[in-house]
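Hi everyone, thanks for making time for this. Please have a look at the structure on the screen, and I'll walk you through it.

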Amino acid sequence: MGLERIRESVIAGTWYPGNPEKLRKAVLEYLAKASVASLSGRLVGLVAPHAGYVYSGPVAAYAYKLLEGKPVKKVLIMAPSHRAYFNGASVDDVAGYRTPLGVVPVDRALAQKLMAHEDLFSHVPQAHAQEHSLEIQLPFLQVVLGAFHMIPVLVGDVTLDGCRRLAHVVAEIVGDDEVLLVASTDLSHYYPYQDAKNLDARVIEKVDGYDPEGLFEALRRRECEACGGGPLVTTLLAARELGATKARVLHYANSGDVTGDLRGVVGYMAAAILDNPGGTLKKAPSMETLGVAEGAFSEEEKNVLRTVAWQAIRWKLGLESEPVYEGEAPKLWQKRGAFVTLHKDSALRGCIGYVEPHKPLWQTVKEAAVQSAFGDPRFPPLRAEEVEALQLEISVLSPLERIRDPLQFTVGRHGLVIRKGYHSGLLLPQVAVEHSWSKEEFLDWTCKKAGLSPECWRQGDVEVYRFSAEVF
């Protein structure tokens, strides 16, 4: 590597042992205690935590044990930036990273290809200078792989659209190479033990269900936490473009399991991302083959969705069995966004839904119905005696379409989504009609729904999306 700069370790001797023999021994002991998961299919990526080894090492070993004996020569690591704020992603422009086990060389060719996409990938030196979340992965990789090249990427502030764009570039650039993807993340931070487990269970659910869009939405709604949420979602999306069809959580624990102090713990997860063509995922038709124009759904399909929604509500009240759709109507298996709105005596009683298409439509309606009845924070949970007085409305959404001109939509036909950072607000098309709003008023109220000031849409620093919906 000549005179090219090597990034020296900033956590050796603190986060992990600084002595090479002690470090190797510690990693080997963690690996020896971890069990090998029974997995089928090609390994596309891993998820591993990034706390000090005494806390997260036993969990990380479940992921890295899968690499023993594998001929992996290149690893792209996506990790969060804890000390520097920036948009998009930063690629470290160095020749290699040093740990007590030696220098891991950077694949400069792939790194430069990423940085050629200047609107997404840059080099933010201060982000990499003291960051631990990426370096902490290297000793495990050095022990299980021996010699390999890496591509070090830190992810800053990103929207879901930003994650998608980063993922697309990653998949496009590494597609012809055998590159393993690694996402670095811890989960909830400093909650009481059981509260942490409840929060982390939501992340585990979304990862196990290979639902990166749903995971991003759950993180945005504060239903769970992951300090590496951006890297995790981006890695899942990139792996999907590279052929991955499923993910499996391999192990979970938190710091309380190590220290015995349950008052404020940090959660850790290990997971694998796989290309498993023989898996049980049901292949849905492509998004382009199905629209949501007026009349897109037959009366039979609408009745199925209504039945699913009502049964889901009664199921949660203990009045019926859990709804399961086993039919073959393609539109009901298509991954779609949808909302369920409940009214009682002509007054709103709940409205919850999912903007991004993360599950088959019938499952989305099932979840939205339950959340509308029992999870809308504006109302108390539904009581059994209220069910007979309810009116139920389902809105199936088209894919979001970003508009550069905020006024480029039609009142009554389009709903709106406004996003800025982690702020996001949605109003359905029928809301503007019910209130006789003008375009400007509709935009103002969508800003308010996002927790932003009215007229923020005029400032040019927010993202405005339109969508249509079939309502029944």
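What you see is a predicted model, where local features need pLDDT of at least 70, side-chain atom pairs count only at pLDDT 80 or more, and totals for chains, interfaces and linings use all residues. Residues are numbered from 1 along each chain as its sequence is written, and side-chain values use heavy atoms, with hydrogens and water left out.

Now the overall picture. There are 15 helices and 19 strands in the protein; helices (H or I, at least four residues) and strands (E, at least two) are DSSP runs, numbered from the N terminus. Of the 472 residues, 55% are buried.

How many residues of strand β15 are buried? Six of the eight are, so this strand, residues 390-397, is mostly covered. Who are its partners? We say two strands pair if DSSP finds at least two bridges between them. With β13, residues 338-344, β15 pairs in the antiparallel sense over seven bridges; K344 has L390 of β15 as its bridge partner. β15 also pairs with β19, residues 463-471, again antiparallel, over three bridges, and there S395 stands opposite V471.

Next, helix α5, residues 138-145. Here eight of eight residues are buried, among them F140, L141 and V144. What covers them? The cover includes helices α1 and α2 and strands β3, β5, β6 and β8.

Let's move on to the cores. A nonpolar core is a set of buried Ala, Val, Leu, Ile, Met, Phe, Trp, Tyr and Cys residues joined through side-chain atoms within 4.5 Å. The largest one has 106 residues, and Y64 is one of those with the most contacts inside it, along with L46, L67, L76, L114 and F121. Helix α6, residues 160-174, gives this core its largest share, nine residues. A second, separate core has 29 residues, including A296, L332, V370 and V396.

Let me come back to Y64. Contact means heavy atoms within 4.5 Å. Leaving aside neighbours within four places in sequence, Y64 touches L31, L46, A48, Q137, F140, L141, V144 and V182. That list takes us back to α5, where F140, L141 and V144 are buried.

Methods. Buried means under 20% relative accessible area, exposed over 50%, partly exposed in between (1.4 Å probe, protein chains only).
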